[in-house]
Amino acid sequence: VAFVLPGRKVLINAVTQRAGSIRVEACDVHGIALPGRSLEKALPVVGDQYRQPLSWQGGNDLGVDAGTPVMLRFQLHKATIFGLDFE
């Protein structure tokens with residue numbers, strides 16, 4: 001489901017088990033990854049994180065303006081997400 005971004009950065013509250021990780025891909029409304037925001041470019045979130053900005057190689061914002069509809073695709077391995085926040 002696409003939603004309108006209230007900000008350009010996504011902050012995550014999550015916990016991963018040992019050897020676990022979370023990667024996030026940002027997509028347009030058609031499900032196509034935004035430039036530089038694919039799963040392959042995503043830097044993994046590991047450990048116990050509170051308000052940790054999601055990052056990709058080349059940046060830690062979504063690469064689109066606030067108010068732009070996007071979809072987020074999550075890849076979790078031994079992980080739990082408790083919440084997302086936006087700046």
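# Close-up views of the structure

**View 1. Asp-28 lies in the loop between strand 2 and strand 3 (48-53).** Strands, numbered from the N terminus, are DSSP runs of E with at least two residues. The model is predicted, so local features need pLDDT of at least 70 and side-chain atom pairs count only at pLDDT 80 or more, whereas totals for chains, interfaces and linings use all residues. Residues are numbered from 1 along each chain as its sequence is written, and side-chain values use heavy atoms, with hydrogens and water left out. Asp-28 has a relative accessible area of 22% and is therefore partly exposed; with a 1.4 Å probe and protein chains only, buried means under 20%, exposed means over 50%, and partly exposed is in between. Apart from residues up to four places away in sequence, Asp-28 touches Leu-34 and Met-71, where contact means heavy atoms within 4.5 Å. The C-alpha atoms of Asp-28 and Glu-87 are separated by 19 Å, and these residues are 59 residues apart along the chain.

**View 2. Four strands form an open sheet with the order 1-4-2-3 and antiparallel pairing.** The edge strands, strand 1 (3-4) and strand 3, each pair on one side only. Two strands count as a pair if DSSP finds at least two bridges between them. In general, strands of a sheet pair through backbone hydrogen bonds, either parallel or antiparallel. Strand 2 and strand 4 run antiparallel and are joined by 14 bridges; in strand 4, His-77 is the bridge partner of Ser-21. Strand 2 and strand 3 also run antiparallel, with 4 bridges joining them. In strand 3, Gln-49 stands opposite Ala-14, and Pro-53 is the bridge partner of Leu-11.

**View 3. Arg-51 lies in strand 3.** Arg-51 counts as partly exposed because its relative accessibility is 34%. Not counting residues up to four places away in sequence, Arg-51 touches Leu-11, Ile-12, Asn-13, Asp-85 and Glu-87. From C-alpha to C-alpha, Arg-51 and Ala-26 are 18 Å apart in space, and they are 25 residues apart in sequence.

**View 4. The largest nonpolar core has 16 residues.** Those with the most contacts inside this core are Ile-12, Ile-22, Leu-54, Leu-62 and Val-64. Strand 2 (10-27) and strand 4 (69-86) each supply at least two of the core residues, and strand 2 gives the most, with 6 residues. A nonpolar core is a set of buried Ala, Val, Leu, Ile, Met, Phe, Trp, Tyr and Cys residues joined through side-chain atoms within 4.5 Å. In soluble globular proteins, nonpolar side chains tend to be buried together. Leaving aside neighbours within four places in sequence, Leu-62 is in contact with Leu-5, Arg-8, Val-10, Ala-26, Leu-34, Arg-37, Trp-56 and Leu-72.

**View 5. The largest cavity has a volume of about 30 Å³.** The count comes to 1 cavity of 30 Å³ or more. On a 1 Å grid over the protein atoms alone, a cavity is a set of points where a 1.4 Å probe fits but cannot get out, and lining residues have an atom within 4 Å of a point. Grid points are joined across faces, edges and corners, and a volume is the space filled by probe spheres set on the points. The lining of the largest cavity consists of Ile-22, Arg-23, Val-24, Ala-42, Leu-43, Val-45, Leu-54, Ser-55 and Trp-56.

Conventions: On a 1 Å grid over the protein atoms alone, a cavity is a set of points where a 1.4 Å probe fits but cannot get out, and a pocket is an open set with protein on both sides within 12 Å along at least five of seven lines; lining residues have an atom within 4 Å of a point.
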